[in-house]
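Work through the following exercises with the sequence and the structure side by side, and try each task before reading its solution.

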Amino acid sequence: MLDTPRANRLHIAFFGKRNAGKSSLVNTLTNQSISLVSNTPGTTTDPVFKSMELLPLGPVVIVDTAGLDDEGALGNLRIKKTKEVMDRTDLAVLVISPTMGESNNISSINDLDIDLKREVEWIKDLKERNIPIIGVINKSDLLNKVNIINSKEIQNLNIPIIEVSCKNKENLSLLKEYIVNYAPSDFERPTIVGDIINKKAKVILVAPQDIQAPKGRLILPQVQVIRDLLDNDAMALTVKDTELELLLSTLNEKPDLIITDSQIFKKINKIVPDDIPLTSFSILMARYKGDLSAFVKGARAIDKLKPNDKVLIAEACTHHALKGDIAREKIPLWLKEKVGNSLIIDNISGIDFPDNLKEYKLIIQCGSCMFTRKQLMSRLIKAEASNVSITNFGVAIAKLNGILERTVKMFPEAKK
């Protein structure tokens with residue numbers, strides 16, 4: 001579990017005002033000094049990510065964020081970073097501190113600061129992203145048994161609320177129960193390929209070991225697919241593209257499925273007979289992480305591209321582009337062969353996503369093996385809001401090679 005990729009972990013993010021006690025709560029909940037704690041507002045600057053185990057959920061990522069009420073030019077940058085975290089959050093913990101400072105002179109509800117206008121705005125932002133929310137009233141040891149949960153301001157938030165004390169370690173187990181109960185069960189699909197194959201299925205994986213392949217290991221989607229096949233009692237046979245024809249000629253029975261790297265779709269499509277199902281790692285990841293039917297629909301926008309249109313090619317991870325890079329050389333070349341050299345193509349990489357999406361006619365997203373499902377779905381939502389078509393590498397390459405229908409016909413949701 002400790003080696004589970006971060007993109008496959010449930011992301012639990014802590015939001016709230018400066019000095020609400022987010023970092024203290026994260027440190028106490030994880031029993032580790034993950035975040036710097038200080039009485040000075042704004043101690044947490046960039047989001048802090050910590051991969052850990054939270055039973056019975058299993059592998060999770062705990063995210064501590066800067067205060068959403070930060071001030072000044074630098075504060076606005078911190079708020080921007082914090083809001084970017086929302087796009088990859090599966091469960092939000094909104095930390096509320098009704099006490100100003102560490103005063104114990106609290107005898108009634110009137111001694112508390114319960115101005116929750118900003119919290120109401122943040123809850124709206126989170127709910128627009130369909131993120132479940134837990135409210136935590138922090139520093140309950142200072143409340144002197146004042147019943148804040150039943151106050152009108154807290155009740156109007158309309159989210160589950162509990163009181164916690166990091167100092168006295170009160171209700172931490174209850175908070176963990178809330179996290180388990182409210183964590184989304186569908187933050188990722190249960191299987192990559194297991195639902196479209198039978199047990200004992202024979203599956204060939206075509207993994208070209210070219211300059212793009214990391215030395216001594218396979219790329220993450222290939223590893224994940226192999227593991228998923230084994231978990232579903234299928235038989236996985238991995239081969240380079242140069243040996244595929246020889247392998248097919250030596251088999252007594254035809255394979256149930258062939259999965260290839262999308263970059264060599266054209267070559268593999270000519271080798272594989274029409275009666276053998278064919279798809280790619282990227283298409284499988286499009287389905288596993290996002291919405292395959294939306295990507296198939298988006299790929300049809302390729303036929304509508306015109307000279308001088310703008311296309312955005314987005315990658316989840318940052319890496320040094322090598323000769324023949326798929327995002328910076330191959331896909332742009334194939335698009336311009338179809339539309340013309342005046343097509344304008346922009347490339348971005350990493351978690352940043354531009355605000356000017358309306359300028360583009362099409363977004364082509366990578367396989368997103370380094371993204372969580374929430375992150376990729378967030379991009380789909382933003383593209384739809386901007387009325388821009390979005391597809392992914394594998395689906396786009398299949399479309400450009402005229403084999404889109406073949407490569408998605410085994411997926412019921414895409415056939416529609």
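**Exercise 1.** Find which residues of the largest nonpolar core touch the most other members.

*Solution.* Begin with the term: a nonpolar core is a set of buried Ala, Val, Leu, Ile, Met, Phe, Trp, Tyr and Cys residues joined through side-chain atoms within 4.5 Å, where buried means under 20% relative accessible area, exposed over 50% and partly exposed in between (1.4 Å probe, protein chains only). The largest such core has 75 residues, and those touching the most other members are Leu244, Val311, Leu335 and Ile364. Its largest share, 6 residues, comes from helix H9 (residues 281-289), helices being DSSP runs of H or I with at least four residues and strands runs of E with at least two, numbered from the N terminus.

The model is predicted, so local features need pLDDT of at least 70 and side-chain atom pairs 80 or more, while totals for chains, interfaces and linings use all residues. Residues are numbered from 1 along each chain as its sequence is written, and side-chain values use heavy atoms, without hydrogens and water.

**Exercise 2.** Determine whether lysine 304 is buried or exposed, and where it lies.

*Solution.* First locate lysine 304 in the loop between helix H10 (292-299) and strand E11 (310-315). Next, lysine 304 counts as exposed because its relative accessibility is 65%. Finally, the C-alpha atoms of lysine 304 and leucine 362 are separated by 9.7 Å, although these residues are 58 apart along the chain.
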